Amino acid sequence: MVDYSRFDKIGMDDDEDKEDTPCQQQSKGSTSSSQPPHPLPPASASTNTTTTSSTFVTPKGKEGHRLKFEHGGQTVYEWEQTLEDVSLYITPPPLVKASMLYCTITPSHLTLGLKGAPHPFIDETTAGSVKATESFWTLEDGELHILLQKASKGEVWPSALAGRGALDPLTSETVRKQLMLERFQEENPGFDFSNANFNGAVPDPQTFLGGVKYT
């Protein structure tokens with residue numbers, strides 16, 4: 001279950017000397033406090049059956065395709081996907097440093113939390129299979145970025161985490177088009193597909209015309 005609370009037990013001591021966890025990446029910008037605090041939903045939100053979740057497109061990310069997942073009217077994370085990966089973006093309180101966090105990425109599960117806290121912030125099944133050894137996370141300029149490498153290139157994930165903020169049919173079609181055009185561009189680098197359109201339903205970018213090519 002996702003706690004959906006603010007990161008618990010935010011410490012004031014610098015703990016830079018602790019050994020990083022296997023999937024942890026730390027950047028010089030991780031101590032930035034230039035961005036204002038971004039409150040996350042209270043802990044009770046995860047058990048409040050009247051609290052709703054939603055997802056919608058925001059003008060961020062690659063070609064403006066970043067999606068925002070909200071719970072109880074507050075942003076939990078934003079995410080986007082390409083043919084090869086899924087990225088999640090989380091804004092923790094400004095005093096949180098990379099050395100204070102732990103992240104575990106497995107082929108089917110993502111766990112993220114603050115060291116010493118009683119519960120993780122995220123403890124969820126991923127919406128698709130992951131190449132764990134090729135996935136990583138960073139904390140830079142006040143934003144936590146988790147990159148999940150897709151086990152199946154071209155697979156369209158309906159959400160970043162299973163059962164959380166599934167795409168509506170219109171947004172799903174938009175994402176499929178985005179990945180189809182990315183595939184065309186990758187396989188035909190001499191052509192410009194940025195303004196291409198499809199007649200009828202957008203085909204599956206993973207299986208169309210014999211399947212996606214691996215390079």
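Which side chains meet in a salt bridge of 3.5 Å, N to O, with lysine 153 as one partner? The partner of lysine 153 is the side chain of glutamate 84. A salt bridge here is a side-chain nitrogen of Lys or Arg within 4 Å of a carboxyl oxygen of Asp or Glu.

## About the model

This is a predicted model, in which local features need pLDDT of at least 70, side-chain atom pairs count only at pLDDT 80 or more, and totals for chains, interfaces and linings use all residues. Residues are numbered from 1 along each chain as its sequence is written, and side-chain values use heavy atoms, with hydrogens and water left out.

## The overall layout

The protein chain has 1 helix and 9 strands. Both are DSSP runs, numbered from the N terminus: helices are H or I with at least four residues, strands are E with at least two. Read from the N terminus, the order is β-β-β-β-β-β-β-β-β-α.

The protein chain has 215 residues, and 45% of them count as buried. Buried means under 20% relative accessible area, exposed means over 50%, and partly exposed lies in between (1.4 Å probe, protein chains only). The accessible surface is about 10900 Å². Carbon and sulfur atoms hold 52% of that surface. These areas come from the Shrake-Rupley method with a 1.4 Å probe; for residues, only the protein chains shown count as cover.

Now take contacts, meaning heavy atoms within 4.5 Å. Among those with a separation of 6 or more, 62% join residues 24 or more positions apart.

Leucine 144 sits in strand S9, residues 143-149. Its relative accessible area is 0%, so leucine 144 is buried. What does leucine 144 touch, leaving aside neighbours within four places in sequence? Its contacts are Leu88, Tyr89, Ile90, Pro92, Leu101, Leu112, Trp137, Thr138 and Leu139. Take tyrosine 89, which is 55 residues from leucine 144 along the chain. The C-alpha atoms of the two are separated by 5.5 Å.

## Salt bridges

The whole structure holds 5 salt bridges. One of them joins glutamate 78 and arginine 66, at 3.0 Å from N to O. Glutamate 78 is in strand S3 (residues 74-81) and arginine 66 is in strand S2 (residues 66-71), so the pair ties together parts 12 residues apart in sequence. Both partners are buried: glutamate 78 at 7% relative accessibility, arginine 66 at 8%.

Lysine 153 has a relative accessible area of 5%, so lysine 153 is buried. Lysine 153 also forms a salt bridge with glutamate 186, with the closest N and O atoms 2.6 Å apart. Lysine 153 lies in the loop between S9 and H1 and glutamate 186 in helix H1, so this pair ties together parts 33 residues apart in sequence. Glutamate 186 is partly exposed, at 32%. Elsewhere, salt bridges that share partners join Arg66, Glu78 and Glu143 into one network.

## Helix H1

Helix H1 covers residues 169-187, 19 residues in total. The expected span is 1.5 Å times one less than the number of residues. That gives 27 Å for H1, and the end C-alpha atoms are 27 Å apart, so the two agree.

At the start of H1, a side-chain oxygen of aspartate 168 comes within 3.0 Å of the backbone nitrogen of leucine 170. Which residues of H1 are buried? They are Thr171, Val175, Gln178, Leu179, Met180, Leu181, Arg183 and Phe184.

How values were computed
A polar contact is a pair of N or O atoms within 3.5 Å; within protein, one must be able to donate a hydrogen and the other to accept it, and residues adjacent in sequence count only if both atoms are side-chain atoms.
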